[in-house]
Amino acid sequence: MSHKKHALTIFSLTMITVGSVDSIRNLPATALFGSQLIAFFILGALFFLIPTALVSAELASGWPKQGGVYIWVKEAFGKRVGFLAIWLQWIENVIWYPTILSFVAGTIGYLINPSLAANPYFLCFVIVSSFWGATLVNLRGMSSSALLSNICAISGLLLPMALIIGLGAAWLFGDNTIQVQFDAQSMLPHWQDRSKWVALTGVMMSFCGIEIATVHANDVENPQRAFPRALIYSVAIILSTLILGSLAIAVVLPQHEINLVAGIMQAFDAFFARYHLLWLMPVVAVMLVMGGLGGVSNWIIAPTKGLLVAAQDGNLPPVFQRVNQHGAPVMMLVGQALIVTVLSALFLFMPSVNGSYWLLTALAAQLYMLMYLLMFVAAIKLRIKAPNHPRAFRIPGGLPGMFIVAGIGMVGVLTTLVVSFMPPDGIDVGSIARYETTLVLGLLLMCSPPFITGWLQSRRNRLVESTRVVA
């Protein structure tokens, strides 16, 4: 039976990939680094985005079961390590939610009164209430949300991104003050300046998520030919929009004035004031809020489904395996909302809103990098362990080709892990000791549940075995 009528076109695969990765939320974080961000984005693409896309495409086309990275790592190293991988992906997303919702809260606050965008109590209230609202919606099922999701993606990503890039171009070519320099010395990374390496954390987070799109590798006609082409187009679109969008903010706002939560609204405010278009601010704010809430609603249950597969495989107690009549895992969604509520309190205790935002971004990046490290190692192991396993898409070059691609990706991942412990200049995160201690403790705390459940499960199994022997 032919399945060609169900195959995705190269254009469709490109759009899915771009939609999974591209985000307007991270632009203020990368705009902090001025024209040097161009070099960092290119390095990030070479050492992370492209290797991740190629490796996850091969794994997805060879093991296309529901569960994603859990299935891939489980096939390579067993279900305990697979559970750790899917846990890292899930908990990273849980930490990501306060950052995207702080962007939503900052947008709303900036529209009402710009000072609210820096008010931690206002941000915390909006984050918590929005996430619990989205959780309740997902508990009731999201089968009718496809149209809304598409509208949110277009209005909250494509239109604002195109608008801010266009305004940035107009600013550059007009008679305006430019806040960054574009000479060779300014654009080349200043490797001796350790703080500039911190840019990699924001850049890498901008590239995360491409493994979600590669599950469609089996739905493409002739994936060995189509996927590399779609990858080239996707990388070109992602790089150009993220670089140009970040530069649009950098050219109009002085570095010390960029707010990581409300930087998009700050930039639009400056542009619109210059071109007498301030009446558009509420329209842009509504678009950005819709995009942010749509993104959270889309992602709030997707990673949980992968964790549910791992739970049903015996990695979590039965209470976490239960679903309601809508197929939603109640305990996982409620637990997720409780963790987000606790994490949102960071905005109340960190010295600055920018500091809270950056700390959560760094912690999320560290957890996600650990997951990608497991994925790269699993890909190499499966090439050795199951070389003849059918894969619709294979990285060219045989085993050496896989070693090269996965090895380059691991270099990018390990570099990001190291630099994520460096606090950026110009952002008040408290003392370096406090910042690094908070990250280390957060990392240990967030990584511990898979090891605790594994230990409890082993202990329970030993008790069962000893009971059988006595009987």
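Which side chain meets that of E58 in a salt bridge of 3.1 Å, N to O? In this predicted model, the partner is R391. E58 sits in helix α3, while R391 belongs to the loop between α17 and α18 (398–419), and the two are 333 residues apart. E58 counts as buried because its relative accessibility is 1%, under the 20% cut-off. R391 is also buried, at a relative accessible area of 10%.

The side chain of E58 also forms a salt bridge with that of R383, at 2.8 Å from N to O. This pair again links distant parts of the chain: R383 is in helix α17 (residues 353–385) and E58 in helix α3 (residues 37–62), 325 residues apart. R383 is buried, as is E58. Through shared partners, E58, R383 and R391 are joined into one network.

## The D313–K74 pair

The whole structure holds 3 salt bridges. One of them is between D313 and K74, whose closest N and O atoms are 2.7 Å apart. D313 lies in helix α14 (residues 302–315) and K74 in helix α4, so the pair ties together parts 239 residues apart in sequence. D313 is partly exposed, with a relative accessible area of 25%; K74 is partly exposed at 29%.

## Packing of α4 on α5

Helix α4 (residues 69–77) and helix α5 (residues 79–112) have axes that come within 7 Å and cross at roughly 155°. The two helices are therefore roughly antiparallel, and their crossing is right-handed. On α4 the contact is made by V69, Y70, V73, K74 and F77; on α5, by K79, V81, G82, F83, A85, I86 and Q89. These residues divide into 8 nonpolar, 2 polar and 2 charged.

Key
Residues are numbered from 1 along each chain as its sequence is written. This is a predicted model: local features need pLDDT of at least 70, side-chain atom pairs count only at pLDDT 80 or more; totals for chains, interfaces and linings use all residues. Side-chain values use heavy atoms; hydrogens and water are left out. Axes are lines fitted to C-alpha atoms, for helices over the stretch in contact, and angles run from 0 to 180 degrees between N-to-C directions. Helices (H or I, at least four residues) and strands (E, at least two) are DSSP runs, numbered from the N terminus. Angles under 35 degrees count as roughly parallel, over 145 as roughly antiparallel, 65 to 115 as roughly perpendicular and the rest as oblique. A crossing is left-handed if the near helix is turned anticlockwise from the far one by less than a right angle, and right-handed if clockwise. Contact means heavy atoms within 4.5 Å. Ala, Val, Leu, Ile, Met, Phe, Trp, Tyr, Cys and Pro count as nonpolar, Asp, Glu, Lys and Arg as charged, and the others, Gly among them, as polar. A salt bridge is a side-chain nitrogen of Lys or Arg within 4 Å of a carboxyl oxygen of Asp or Glu. Buried means under 20% relative accessible area, exposed over 50%, partly exposed in between (1.4 Å probe, protein chains only).
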